[in-house]
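Please keep the structure in view while reading.

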Amino acid sequence: MSVIVSGISLPWEEDKQIAIKNAAKLCGVFGAGEVTFEISREAVDARKGRLNKVYSVKVSGLSSGKEKALCEKNGKIRPCSDTTLSELIAPYGGVKTAGSPRPVVVGLGPAGMFAALTLARMGLCPIVIERGRPIPQRDGDVSAFVRDRRLDPESNIQFGEGGAGAYSDGKLTTRISDPVCSAVLRELVAHGAPEETLTKAHPHIGTDLLKNVVSAIDRETVALGGEIYYNTAVTGVRTANGRLVAIKTASGEIPCTHAVFAVGHSARDTFSHMLSDGIELVPKSFAMGLRIEHLQEDIDRTMYGKFVGTPGLGAAEYFVSNREGDRGCFSFCMCPGGEICAAASRPNTVVTNGMSYHSRSGRNGNAAIAVSADTSLFPSGPLGGVELSQRLEESAFVLGGGDYTAPAQLVSDFLAGKPSASLGRVKPTYPLGVKLCSLDGLLPPGGADLMRRSLEKFASNYRFFANGDAVLTGPETRTSSPVRMTRDGLGMSVTAWGLFPCGEGAGYAGGIMSAAVDGIKQALKLAETLAEHVR
């Protein structure tokens, strides 16, 4: 076992080995021995006129009695619950049995990718179904959309190997506190992510590096006996007596008794197919909004103060939120030194998202400013949230001129309630160009007024939000899934035994990390159920 010693704050220029020495002192460890130390987390603290690094140190090799005593005595010391994928699958070593059915994984985004890797490591040789294309061909399709305004509905920023996560910056920040997170990070590093991914408080890989990591993970899945069917759209499932018997695709049925269903939050047509086949879906509250762009130098100056420009400090990021009654407005997916990307997956719609490369060296920083949308604001029915978001995406297409140009507005004009006529210091990065107008109609009911009040509040805390020439571009409608595919205590759909809804699309995750964690957990639950099925 191990413990984590957290909150070790040192001046920026101090060597990290001093953090290890401080941890040893707090643990009462002196001199050589079998106790080992490693930096487990590193964060930047530029508050109160000081620039510090704050470390957490993992200490291994202490006796269980000493670990317990330290944790009880010192609030900075807690048990370490980190784990690895090998440790997680170890109890399932006997799952593979002669004649056992091959599990299926639907979707190859973060959830499906990690579910498939987990099943492959167990020797279960999963069949993976992905509607889009492998990353090299997908890159070409994404480039063609930007170059020729020719959208491929099956291969784009939302669909294809790696899912939406492969083109959305590779931010690994998560609000869940789960030991499985460490397994995800270790696998990402093992497959090519930078070593610093394991220790940064806000780890970030970057779209340019993440795509190679994704391909490496999928190659291992195939090397271990898995198969990946690209260009294969799922059109539903077939059940018999409440049990899964096949996955339906545009190319025919794939017999199947156990499947992880991880289609992602943009597979709106797949939701309709599942509903038609009797799978229970319920509407889920989610958030929609606009992308805001500031000059990154303005963000850095506000967040770092006199320390701006310090070598190694990197581009600053932020998080803002405002709560009013039962609704909120908050920043989401902040991309320092990044750009806004064209994220449509349906023809004649405009959707925005944000991304950064690993260097985060772009001129602008962007983030989604999203307002919550309760199910009471949706049209009736399980897919009411889907319908609302699609209406906004179609309206944006019309506002932009009908050629995938995105509608945009200066913050000062948005606050004043008038259309914009010209740009200021901030030049939008949306690759297909923007058309200045009014964006009020691209937000859910009541969202525009809530966002105005929130932006004014944010400006009182962060100076760069007071810059009237910051640009809003929209809409941002894919923050999370507008539906939930209900599952029982075993992780299965309540209406289809053997079907394991998973990840963002099923309504159980929000971001790369939480989706990957859910993918691993659902794969483990599938393996346990499969073992019982075989027995």
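## Basis of the model

Helices (H or I, at least four residues) and strands (E, at least two) are DSSP runs, numbered from the N terminus.

The model is predicted, with local features needing pLDDT of at least 70, side-chain atom pairs counting only at pLDDT 80 or more, and totals for chains, interfaces and linings using all residues. Residues are numbered from 1 along each chain as its sequence is written, and side-chain values use heavy atoms, leaving out hydrogens and water.

## The sheet

Four strands form an open sheet in the order β2-β3-β1-β4, with antiparallel pairing. Because β2 (36-45) and β4 (77-79) stand at the edges with a single partner strand each, one side of each has no neighbour in the sheet. Within β4, arginine 78 stands opposite isoleucine 4.

## Two packed helices

The axes of helix α4 (residues 110-121) and helix α6 (residues 180-190) come within 12 Å and cross at roughly 85°, the axes being lines fitted to C-alpha atoms, for helices over the stretch in contact, with angles from 0 to 180 degrees between N-to-C directions. Therefore α4 is roughly perpendicular to α6, a term for angles of 65 to 115 degrees.

In the contact (heavy atoms within 4.5 Å), Phe114, Leu117 and Arg121 of α4 meet Val184, Glu187 and Leu188 of α6.

Definitions and conventions: Pairing = 2+ DSSP bridges. Parallel < 35°, antiparallel > 145°, perpendicular 65-115°, else oblique.
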